[in-house]
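Welcome, and thanks for taking a look at this one with us. Here is a short tour, going from the overall picture to one residue and then to one pair of helices.

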Amino acid sequence: SFNSSSSSSSTEATCSLADTKTPFQFLGRDIPGPFTIGSGILTVTCDTIRLFAEHVPQCGVITTKSIGVGVREGNREPVIAGLGSTVSTATSDGIVNAVGLANPGAPEFLKELKPLYEKVFVGWNEEERGPRPFLLVSIFGGTASQFAEVASALAPYCDGLELNFSCPHAEGHGQAICAVAGLAAEAALAV
């Protein structure tokens with residue numbers, strides 16, 4: 001249900017899925033809502049992941065930014081561009097990004113991911129709060145062994161892994177993996 005009320009000082013809108021009769025599921029697990037946040041959009045730090053998990057029940061699946069073996073600076077700013085006349089989504093046809101897989105690397109990310117997962121996700125009280133969100137960690141590599149190395153480090157502290165085969169802005173990673181026959185399958189099997 002959607003409720004909107006106006007007052008002279010502000011307008012407040014809330015969206016509630018509490019009265020939905022059908023539970024939402026992802027990979028056979030109950031989740032609190034039907035929506036997900038794609039990799040690298042909003043949940044780029046563990047602090048924002050925690051905020052979404054605890055305060056946005058409509059997000060049933062929360063995806064991290066893509067994480068690789070080591071630190072990657074990515075592309076220089078600006079990393080977003082408008083498809084229309086402006087960057088504003090209100091007046092353009094949308095936006096595109098070219099972050100280039102910037103990330104702190106698996107060892108550094110793990111320092112924040114492990115306590116976050118143990119406290120927020122493992123420590124979630126479903127009797128009091130209902131189903132918890134599914135934490136999906138996005139990973140990338142340039143070889144099957146790099147995918148396996150990152151997966152091995154991060155898999156114990158998430159509910160699932162997303163293998164990034166789609167980033168078009170990082171030479172030797174993302175979409176480039178699919179340009180080599182069999183490499184995506186090899187990476188998936190290694191993980």
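A residue is called buried under 20% relative accessible area, exposed over 50% and partly exposed in between, using a 1.4 Å probe and protein chains only. Of the 191 residues in the protein, 33% are buried. This is a predicted model, where local features need pLDDT of at least 70 and side-chain atom pairs count only at pLDDT 80 or more, while totals for chains, interfaces and linings use all residues. Residues are numbered from 1 along each chain as its sequence is written, and side-chain values use heavy atoms, with hydrogens and water left out.

The protein has six helices and ten strands (DSSP runs numbered from the N terminus: H or I of at least four residues for helices, E of at least two for strands). With contact meaning heavy atoms within 4.5 Å, residues 24 or more positions apart make up 63% of the contacts with a separation of 6 or more.

Now to Thr 64, which sits in the loop between strand S6 (59-63) and strand S7 (80-82). Thr 64 is buried, at a relative accessible area of 0%. Leaving aside neighbours within four places in sequence, its contacts include Ser 39, Phe 109 and Leu 135.

|---|---|---|
| H4 | 144-154 | Ala 144, Phe 147, Ala 148 |
| H6 | 183-190 | Leu 183, Glu 186, Ala 187, Ala 190 |

Definitions and conventions
Axes are lines fitted to C-alpha atoms, for helices over the stretch in contact, and angles run from 0 to 180 degrees between N-to-C directions.
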